[in-house]
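Work through these exercises with the model in view. Try each task before reading its solution.

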Amino acid sequence: MVPPNVVVVLADDLGVGDLSPYGSRLIRTPAMTRLAANGVVCEAMYAAASTDTPSRAGLLTGRYGARYGLPASTGPGTDAGLPPDAVTVAKLLGSAGYATGLFGQWRLGAQPGRHPLDHGFGRFEGTLYGTDVTPLAWYEGRKAVVDDADPAQSARHLTDAALDFVDDHRDGPFLAVLSHLGPHAPYRVEPRFHGASAAGAYGDLVEQLDHYLGVLLRHLDRRRLTRRTLVIVTSDNGPRYEGRTQERRGRKPEVFDGGVRVPFLASWPSVTRRTRDATPRSLLDLTPSLCALAGVGPPDGLDGEDMSALLSGRPSPGRGPVYLFFDQWLNAVRSDRWKLHVAFGADRTAYMPQLFDVTADVREAYNLAALHPGVVERLRGPLEELRDDVAAEAAARKETTTV
């Protein structure tokens with residue numbers, strides 16, 4: 001199998017229920033419907049963490065952001081970020097001859113050694129932070145070309161840059177990551193999208209994002225690249241202030257499903273089969289999966305699992321437990337039908353443990369821990385082992401950087 005071109009479209013705070021393939025009625029997303037009609041719809045995909053920065057680190061490295069001691073979100077005035085020794089999927093695919101580009105927001109640090117160009121991306125156009133930072137500079141490479149970028153125009157700008165990148169590397173292979181600033185608040189759109197949806201400004205922003213996804217897909221069609229390009233659409237976590245969680249409990253930054261269940265669409269038209277996959281998975285799985293598709297040996301120590309079979313039209317693989325972090329705290333685990341919570345935020349004592357059968361109780365409303373103590377113990381043992389392992393690595397890194 002010839003390695004595919006890869007396009008990853010990453011939204012910020014997008015609700016899983018706000019896409020037509022997941023049942024949205026107030027927000028229209030025809031481009032996402034097109035992907036779902038020819039590809040994989042994951043119905044139980046989880047973010048790598050419940051907040052921006054560690055989630056994005058997990059997606060790009062296949063390792064928990066907590067291993068690197070990352071904060072909930074990076075901002076100006078802090079040296080926190082993805083450390084220089086972290087190996088990203090961009091660096092891994094670059095070793096196999098892929099051209100690599102990141103377009104949009106980074107959120108993983110701005111200090112020397114923490115910039116996207118230091119982490120395997122050959123081209124970067126976008127922002128180092130998200131829309132919670134003002135003024136927000138727009139960069140081309142390491143140079144700020146706009147001191148105060150308008151978030152309403154970001155989807156168009158990053159898409160235009162990505163299309164130029166595709167044209168420059170149309171002979172392939174290439175990895176393009178389009179990291180949108182929306183629909184994170186504030187909900188600002190181009191004037192032509194005002195009132196476009198029946199879901200207010202938030203819905204307008206989702207429809208704008210879908211529009212530019214359509215622009216990208218049509219460009220791939222015109223360049224005759226569609227059949228050899230894997231396109232993935234997902235979000236860094238669940239919605240915060242607005243957005244639909246499919247009636248699941250919680251919102252960002254909680255590890256209830258409403259805060260960490262994310263959409264995941266994947267279409268590679270010459271290969272993928274139309275599939276609705278119900279297996280609980282993690283965005284950590286993206287890095288090992290793309291390595292497998294590109295023929296690259298993954299590095300040791302990954303937390304994600306390979307799901308390349310699912311993305312290439314073969315029988316769906318199973319997966320081990322999915323562990324869910326709130327910042328540096330490992331608070332929950334999903335395994336088959338069960339979801340075990342051992343902490344709420346940084347509080348490890350209040351009303352814990354809580355065990356839910358999330359196939360029957362999507363609201364995580366009824367604690368079954370007293371009825372199934374064996375399940376609690378079976379899930380808690382590996383969780384505690386992983387928690388200690390991650391904490392030990394984070395502590396060792398902190399000690400090294402402060403010596």
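**Exercise 1. Aromatic rings**

How many aromatic pairs does the structure hold?

Solution. The structure holds seven aromatic pairs. Rings of Phe, Tyr and Trp (for Trp, the six-membered ring) pair if their centres lie within 6.5 Å; planes under 30 degrees apart count as stacked, over 60 as edge-to-face and the rest as tilted. One of the pairs joins phenylalanine 326 and tryptophan 329. Their centres are 5.8 Å apart, with 15 degrees between the planes, and the pair is stacked. A pair of aromatic rings is described by the distance of the centres and the angle of the planes.

Next, check the cover. Buried means under 20% relative accessible area, exposed over 50%, and partly exposed in between (1.4 Å probe, protein chains only). Phenylalanine 326 has 18% relative accessibility, so it counts as buried. Tryptophan 329 has 23%, so it counts as partly exposed. Last, find the cluster: Phe103, Phe165 and Phe174 form one aromatic cluster.

A note on the model. It is predicted, so local features need pLDDT of at least 70 and side-chain atom pairs count only at pLDDT 80 or more, while totals for chains, interfaces and linings use all residues. Residues are numbered from 1 along each chain as its sequence is written, and side-chain values use heavy atoms, with hydrogens and water left out.

**Exercise 2. The whole chain**

Describe the overall build of the chain.

Solution. Start with the elements. The chain has nine helices and 17 strands. Helices (H or I, at least four residues) and strands (E, at least two) are DSSP runs, numbered from the N terminus.

Then take the dimensions. The C-alpha trace spans about 60 × 55 × 45 Å along its principal axes. The radius of gyration is taken over C-alpha atoms, and the globule rule is 2.2 Å times the number of residues to the power 0.38. For 403 residues, a compact globule would have a value near 22 Å; the chain has 20 Å, which agrees.

Now look at packing. Buried residues make up 60% of the 403 residues. Contact means heavy atoms within 4.5 Å. Of the contacts with a separation of 6 or more, 64% come from residues 24 or more positions apart.

Finish with charge. Lys and Arg count as positive and Asp and Glu as negative; His and the chain ends are not counted. A charge is placed at NZ of Lys, CZ of Arg, CG of Asp or CD of Glu. The chain has 45 positive and 48 negative side chains. The centres of the two sets lie 5 Å apart.

**Exercise 3. Helix H7**

Why is helix H7 described as largely enclosed by the rest of the structure?

Solution. H7 covers residues 286-294. Eight of its nine residues are buried, so the helix is largely enclosed. Among the buried residues are Leu286, Pro288, Cys291 and Ala294. Just after H7, glycine 295 takes a positive phi of about 75 degrees.

**Exercise 4. Backbone details**

Solution. The loop runs between strand S8 (174-179) and helix H5 (200-222), and proline 183 is in it. A cis bond joins glycine 182 and proline 183, with omega about 5 degrees. Proline 186 sits in the loop between S8 and H5 too. The bond from alanine 185 to proline 186 is cis, with omega near 0 degrees.

Aspartate 327 has phi of about 50 degrees. Aspartate 327 lies in the loop between strand S14 (322-326) and strand S15 (329-335). At 12% relative accessibility, aspartate 327 counts as buried. Glutamate 364 has a positive phi near 50 degrees. Its loop lies between strand S17 (354-357) and helix H9 (373-402). Glutamate 364 counts as buried, at 0%.
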